[in-house]
Amino acid sequence: MLKLKVNDIDIEVDEGLTVLQACEKAGVEIPRFCYHEKLSIAGNCRMCLVEMEKSPKPIASCAMPAAEGMNIKTNTKFVENARKGVMEFLLANHPLDCPVCDQGGECDLQDQSMYYGVDKSRFKENKRLVPEKNMGPLIKTQMTRCIHCTRCVRFATEIAGVPELGAIGRGEDMQITTYLEQSMQSELSANVVDLCPVGALTSKPYVFEARPWELKKTETIDVMDAVGSNIRVDTYDWEVKRVLPIINEDINEEWISDKTRYACDGLLHQRLDTPFIKYNKKFEKASWAEVYKIIKSKIENTTKEKICGFVGDLTNMETSYIFKEFFDRTLEIKNYESRADNRFINILNRDDYIFNSSLNGIDESDLIFLVGSNPRYEATILNARIRKSYLNNNTKIYSLNEVGNLTYPYESFDGQTQTLKNIFDGQHEFSKNILNSKKPIIVLGESFLRLNNAEFLFFKIKNFLRQNNKFSNEWNPLNILSCDASSVGNFDLGLINNEKNILDDLKSNKFEIVFLVGQDNIKFNKTNEFVIYQGSHGDKGAEIADIILPGAAYTEQDAHYTNLEGKIQKAYKASYPPGEAKEDWQIINEIAEFMNNRKLFNDKEELKSSMFNYLNLQKEKQNKEHKNEISAEFKNEILTIDIKPYYFSNIIARCSKTMIECNNSKLNLKSTGTEG
Amino acid sequence: MSLRRPAKIQPEYFEFNSSSLEAANKIISRYPDGKQQSAVMALLYIAQRQNDNWIPLEAMKYIAKFLKMPYIKVYEVATFYTMYNLSPVGKHFIQVCTTTPCMIRGASKLVEACKEKISENECELSNNKSCSWMEVECLGACVNAPMMQINDDYYEDLDKEKTLKILDQILKGETPKPGSYRGRLNNEPENNRKTLMDYKNA
């Protein structure tokens with residue numbers, strides 16, 4: 001520990017901290033532009049100048065390591081003058097266009113010039129002119145506003161792993177640009193908008209939409225992937241204007257993916273706002289009472305074995321739970337399923353379907369083996385964590401398949417399950433690396449779980465790791481990478497039918513009534529089935545439906561989601577469902593009431609407490625027993641990584657114009673052949 | 001001076017020839033393993049020498065791949081230093097120093113001469129396409145001001161007439177004698193020395 005003084009306050013700090021961090025510890029705020037906790041130190045904005053005793057010149061506190069016996073002063077005339085001087089230089093070339101700047105109201109430069117700046121300028125010369133740069137469909141540039149803090153350059157190089165941004169030219173002519181003005185090839189690109197302390201990089205889809213002080217801000221959970229990033233949803237009346245990240249060091253740190261941020265305009269388009277009934281292949285508007293009546297008569301005239309239900313990839317836990325209760329209690333049949341494919345899941349043991357090592361665990365790991373997964377597109381934030389681990393610990397990363405650029409170097413094998421079997425039989429060179437590793441992480445993707453031999457291989461991997469003592473109280477190396485926000489929650493709630501294969505039955509047209517709740521990804525040839533679709537958007541599911549029940553999207557209801565690590569998080573209501581639409585749990589509750597004259601739950605509180613009771617019960621029932629290797633006939637297969645198109649992976653993203661533009665920008669780039 | 005942009009017309013391909021490759025490998029071998037990227041400036045210079053005094057984008061890409069570094073990093077370096085030419089210059093590339101000592105001694109006359117003989121504007125090719133000129137910052141030969149550099153050679157102690165003569169020779173394809181044009185050896189004092197008189201070989 002080092003002892004130093006900040007404004008005559010004695011403090012003790014750890015070694016390796018900078019003067020700026022020490023000042024923060026002492027409760028003194030230091031203005032800064034280029035310094036950012038998560039990025040490397042540049043020290044080029046000079047805004048953080050402080051006075052140090054015995055130093056004739058002010059020091060840049062962000063770049064100066066704290067040392068024993070330092071006496072730092074931040075409230076003297078000397079410091080005030082230094083800050084004023086720096087501010088004057090920064091503003092010399094900064095345009096006075098705050099009234100038309102989207103950053104206005106949340107601009108670091110604006111705020112800091114109010115506190116630390118001078119109220120007039122002595123700079124009489126012309127301001128410099130910098131042409132705008134093309135950075136793709138998400139980032140709008142106004143480069144005259146740039147103060148060259150290089151946060152965006154450092155973010156692209158360090159966190160995103162796409163070194164495409166840089167500062168060209170020198171002196172007054174320095175400009176920030178992407179290489180030859182191509183759009184940034186990263187799924188984290190829009191984070192530079194948050195990082196930019198001025199209005200040089202602003203959000204293109206949000207341009208001139210709203211001022212920050214007009215927006216209602218709701219802190220909630222993202223559902224675009226299974227990571228469960230913490231987000232802030234900004235709404236103006238009903239409309240979701242934008243999505244921003246909030247800091248959660250255990251999950252998304254400070255970043256969110258472009259899909260999380262920009263798919264929100266999908267919430268405005270193709271919404272289902274009133275119930276529909278299909279007459280002669282045409283949808284007609286109806287009232288809730290009418291549709292309930294039809295549903296009731298249909299269900300009463302059908303044998304219960306012929307009814308099945310599916311929940312979708314964005315369905316929250318409350319809805320899934322009441323859906324299950326509706327089948328269990330009202331229909332008394334267990335024909336429900338949450339998977340849209342026949343992938344293997346061992347529902348009996350919670351450890352067999354979550355990401356056990358946890359996101360923070362990735363930082364500690366020394367070996368990562370990806371099997372049937374492309375984390376860059378399946379869980380972008382998780383991929384950024386892997387990159388961080390690679391940078392900080394030089395973690396070795398392997399993949400069974402060659403999956404293209406993951407933003408960090410990795411070694412790949414031939415993608416055959418025979419190789420996988422050999423590795424976990426201990427007969428492969430690579431087996432030694434796993435054995436020698438202290439904290440290995442084996443990531444099993446959904447593509448792996450879809451293999452015919454998935455169950456056999458899964459237990460083989462688990463047994464190999466167990467026999468070689470890779471499991472301990474602190475470390476569980478076996479991880480399943482789920483892609484959908486609802487997956488783990490649905491497994492926790494037991495929305496899975498392992499006794500019979502409902503999906504195959506559906507495909508062979510054995511059912512008469514199909515109830516889809518937000519499920520758009522099932523491919524089956526509809527013949528005589530009566531399809532009830534409940535969801536927020538008119539997409540594939542609504543297309544085949546006979547009755548449409550308009551539900552709410554993730555920003556429109558209070559609900560819980562469990563992320564891929566098994567962390568349960570609450571999402572809050574930021575907006576309300578459009579038109580006649582209702583919250584999802586409410587619709588199912590009302591159908592049950594209509595059928596039996598008895599609600600399943602009196603209110604949401606009751607539903608919630610009942611759900612948590614169920615979850616706790618399930619936890620106690622966990623089958624922790626060690627399952628021996630199952631004997632099965634093993635046949636070599638080629639593992640193909642089958643992932644949904646990144647920008648169209650769920651209904652909200654499919655309805656988003658921004659996502660279409662992003663997708664097109666990548667397509668165009670491919671066809672020009674200039675991608676190197 | 002403003003931000004220098006890469007030329008509009010770019011060659012489609014660039015590769016080191018054998019002598020450049022040898023020179024590049026020699027320079028790279030001076031750096032420890034994993035620090036090869038430090039050789040980027042030297043390699044850009046080698047590329048410039050090979051490619052008639054300018055660096056095309058393809059060469060930057062080639063060097064980036066050669067040193068396993070991102071394209072933008074090479075691009076940053078090439079745009080930062082003014083001695084890398086990003087657009088074509090003449091085979092005889094004339095750099096006229098116009099920094100203070102040369103300016104005081106009449107560098108503007110040299111510029112006039114270049115304008116008369118080569119082209120009205122900087123960085124434009126002469127009529128026979130062999131020459132171009134530009135004003136540069138101090139070339140470090142202030143004792144022999146005013147001066148200019150043609151490719152690798154310094155021509156010093158010039159005035160307008162002498163410059164015109166040199167340029168005529170250059171345009172004809174001859175190589176004028178480098179060095180002082182007032183008969184000095186290197187930068188010895190004119191009219192004999194005035195200090196250290198006691199030493200014969202000083």
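## A walk through the model

Start in chain B and pick out the open sheet of 5 strands, ordered β2-β1-β3-β4-β5 with mixed pairing; strands here are DSSP runs (E, at least two residues) and helices likewise (H or I, at least four), numbered from the N terminus, and two strands pair if DSSP finds at least two bridges between them. This is a predicted model, where local features need pLDDT of at least 70, side-chain atom pairs count only at pLDDT 80 or more, and totals for chains, interfaces and linings use all residues. Residues are numbered from 1 along each chain as its sequence is written, while chains are lettered from A and ligands numbered from 1 in the order in which they are written.

Color β2 (131-136) and β5 (179-180) of chain B next: these are the edge strands, each pairing on one side only. Strand β4 (153-156) of chain B runs parallel to β5(B) over 2 bridges, and B:Glu156 has B:Ser180 as its bridge partner.

Now hop to the interface. Here 12 residues of chain A are in contact with 10 residues of chain B (contact: C-beta atoms, placed from the backbone, within 7 Å). Select strand β7 (165-168) of chain A, which gives the most to chain A's side, with 4 residues.

Last stop: the largest nonpolar core, with 197 residues, where A:Cys152, A:Val192 and B:Ile63 touch the most other members. Such a core is a set of buried Ala, Val, Leu, Ile, Met, Phe, Trp, Tyr and Cys residues joined through C-beta atoms within 7 Å, buried being 20 or more other C-beta atoms within 10 Å of a residue's own.

Note on methods. A residue is buried if 20 or more other C-beta atoms lie within 10 Å of its own, exposed if 12 or fewer, and partly exposed in between; C-beta atoms are placed from the backbone. Two residues are in contact if their C-beta atoms, placed from the backbone, lie within 7 Å.
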